[in-house]
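Here is a short walk through one protein. Please keep the sequence and the 3D view side by side as you read.

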Amino acid sequence: REFLRAFQNADTCYYYDEEAGGNHMVAKVKGTDGSEKEIKIDPDEVDPSNASYVEMLALSAHLKQQGKIDSPAGGIVAMTMAKRVQEVNARQGEIYDKSSFLSEMQNTLEDCLKNGLMDTYMRYIKEVGIYSAMTGRSA
């Protein structure tokens, strides 16, 4: 049932909500402080220009499940969040805060180019392009 598990300041797993039907997903988040949350997400409503880390992972997992992205589900999203954590010492609660993940992912790709990580850049450029085409959706 679970098809994506991510670790970034929290243990998060994602699965489709069989009761809701369609594309609705559930994110089960267990924080490093032991707290647990269950968040229902409709990936079709996630706007990468105004989304949380948890929402972006759900969208990435959904696109991977549909065969729309070739790269590992959540890869560029996790890299972007790790960079954020490193730069500003982000706290656990920030995984729920909405921001422009799209511009942050574009910056992550630019950093890959600057640092000569061409394989990583090429792996994720298509995925970021897909996210770019999804901006403006309401969440």
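Begin with isoleucine 76. Leaving out residues up to four places away in sequence, isoleucine 76 touches Met105, Thr108, Leu109, Tyr124, Glu127, Val128 and Tyr131. Isoleucine 76 sits in helix H2. Its relative accessible area is 0%, so isoleucine 76 is buried. One of its contacts is Glu127. Isoleucine 76 and glutamate 127 lie 51 residues apart in sequence, yet their C-alpha atoms are 8.3 Å apart in space.

Bear in mind that this is a predicted model. Now step back to the whole chain. The protein has four helices and four strands. Along the sequence, they follow the pattern β-β-β-β-α-α-α-α. The protein has 139 residues, and 45% of them count as buried. The exposed surface comes to about 7,100 Å². Carbon and sulfur atoms supply 47% of that surface. Take the contacts with a separation of 6 or more: residues 24 or more positions apart account for 55% of them.

Return to helix H2, which spans residues 75-88. Is threonine 80 buried or exposed? Threonine 80 is buried, because its relative accessible area is 2%, and the cut-off for buried is under 20%. Which residues does threonine 80 touch, not counting those up to four places away in sequence? They are Phe101, Glu104, Met105 and Thr108. Threonine 80 and glutamate 104 are 24 residues apart along the chain. Their C-alpha atoms are separated by 6.4 Å.

Next comes the pair H3 and H4. Helix H3 covers residues 101-114, and helix H4 covers residues 118-133. Their axes come within 9 Å and cross at roughly 160°. H3 and H4 are therefore roughly antiparallel to each other, since angles over 145 degrees count as such. H3 passes H4 in a left-handed crossing. On the H3 side, the contact is made by Leu102, Met105, Gln106, Leu109, Cys112 and Leu113. H4 brings Met118, Thr120, Tyr121, Tyr124, Ile125, Val128, Tyr131 and Ser132. By class, this contact of H3 with H4 has 11 nonpolar residues, three polar ones and no charged ones.

Helix H4 also packs with H1, residues 53-65. Here the angle is about 110°, and the axes are 12 Å apart. That makes H1 roughly perpendicular to H4, because angles from 65 to 115 degrees count as roughly perpendicular. The crossing of H1 and H4 is right-handed.

Finish with proline 48. Where is proline 48 placed? It is in the loop between strand E4 (36-41) and H1. Proline 48 counts as buried because its relative accessibility is 0%. Set aside its neighbours within four places in sequence, and proline 48 is in contact with Met56, Leu59, Ser99, Ser100, Phe101, Leu102, Tyr131, Met134 and Thr135. Leu102 takes part in the contact of H3 with H4. Proline 48 and serine 132 are 84 residues apart along the chain, and their C-alpha atoms are separated by 7.3 Å.

How values were computed:
Residues numbered from 1 in each chain as written. Predicted model: local features only at pLDDT ≥ 70, side-chain atom pairs only at ≥ 80, totals over all residues. Heavy atoms only, no water. Axes fitted to C-alpha atoms, helices over the stretch in contact; angles between N-to-C directions. Helix = DSSP H or I, 4+ residues; strand = E, 2+ residues; numbered from the N terminus. Parallel < 35°, antiparallel > 145°, perpendicular 65-115°, else oblique. Left-handed = near helix turned anticlockwise from the far one by under 90°. Buried < 20%, exposed > 50% of the residue type's maximum accessible area, 1.4 Å probe, protein only. Contact = heavy atoms within 4.5 Å. Areas by Shrake-Rupley, 256 points an atom, 1.4 Å probe, with all protein chains shown as cover. Nonpolar A, V, L, I, M, F, W, Y, C, P; charged D, E, K, R; others polar.
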